[in-house]
Amino acid sequence: MATLKERLLADMKTAMKEKDQTKKGVVNLLRAGLQNEEIGQKRELTEEEEIKIVQRELKQTKQSLEEAQKAGRDDIVEAEQAKIAIIEQYLPKQLTEDELKALIQSLGITKDMPMGQAVGLFMKEVGGRAEGKVVSLVVKEYLQG
């Protein structure tokens, strides 16, 4: 299977051939984020680090979407939703809330465990397969339930 950087390069070429400016822009954004991080780290990134960078871009785009919705800017809302759909293609399949709830028991998280410790343990296990906000909600619900 191709690495994330290879996939992004191939998708960049495809987007340019198809004149898909939205996809080209998003792919460029992701490639730049990866490249900047590699320069900062002075080494190749691990797959896990690459996923974190893509997740960071997704989170920022979702925040932009929320701001555009609050401002009533439908033109920006549509553009941000399109960007989110493209970014999500580069992340591992996300776990559903039910899958996360089932995973709680298997990790040995107990109701008397501190929230931060439980979320940390959970995030280590799920890696890039779930958003931190969703994990936090599921763990909070479990610890209070």
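A residue counts as buried when its relative accessible area is under 20%, as exposed when the area is over 50%, and as partly exposed in between, with a 1.4 Å probe and protein chains only. This is a predicted model, in which local features need pLDDT of at least 70 and side-chain atom pairs count only at pLDDT 80 or more, while totals for chains, interfaces and linings use all residues. Residues are numbered from 1 along each chain as its sequence is written, and side-chain values use heavy atoms, with hydrogens and water left out.

The protein has seven helices and zero strands, where helices (H or I, at least four residues) and strands (E, at least two) are DSSP runs numbered from the N terminus. Along the sequence the pattern reads α-α-α-α-α-α-α. The C-alpha atoms fill a box of roughly 55 × 40 × 25 Å along the principal axes. Of the 145 residues, 32% count as buried.

Confidence is given by pLDDT, the predictor's own value for each residue, from 0 to 100. Its mean over the protein is 87, and 99% of the residues reach 70 or more. Where pLDDT is low, the predicted coordinates should not be read in detail.

The loop between helix 1 (4-17) and helix 2 holds Lys-19. Lys-19 is not a glycine, yet has a positive phi of about 55°; Lys-19 is exposed, at a relative accessible area of 66%. Lys-42 lies in the loop between helix 2 and helix 3 (47-71). Lys-42, also not a glycine, has a positive phi of about 60°, and at 75% relative accessibility Lys-42 counts as exposed.

Next comes the packing of helix 2. Two packed helices are described by the angle between their axes and the distance between the axes. The axes of helix 2 and helix 4 (residues 74-88) come within 10 Å and cross at roughly 55°. Such axes are lines fitted to C-alpha atoms, for helices over the stretch in contact, and angles run from 0 to 180 degrees between N-to-C directions. Helix 2 and helix 4 are therefore oblique to each other, since angles under 35 degrees count as roughly parallel, over 145 as roughly antiparallel, 65 to 115 as roughly perpendicular and the rest as oblique. The contact (heavy atoms within 4.5 Å) is made by Thr-22, Lys-23 and Val-26 of helix 2 and Ala-82, Lys-83, Ile-86 and Ile-87 of helix 4.
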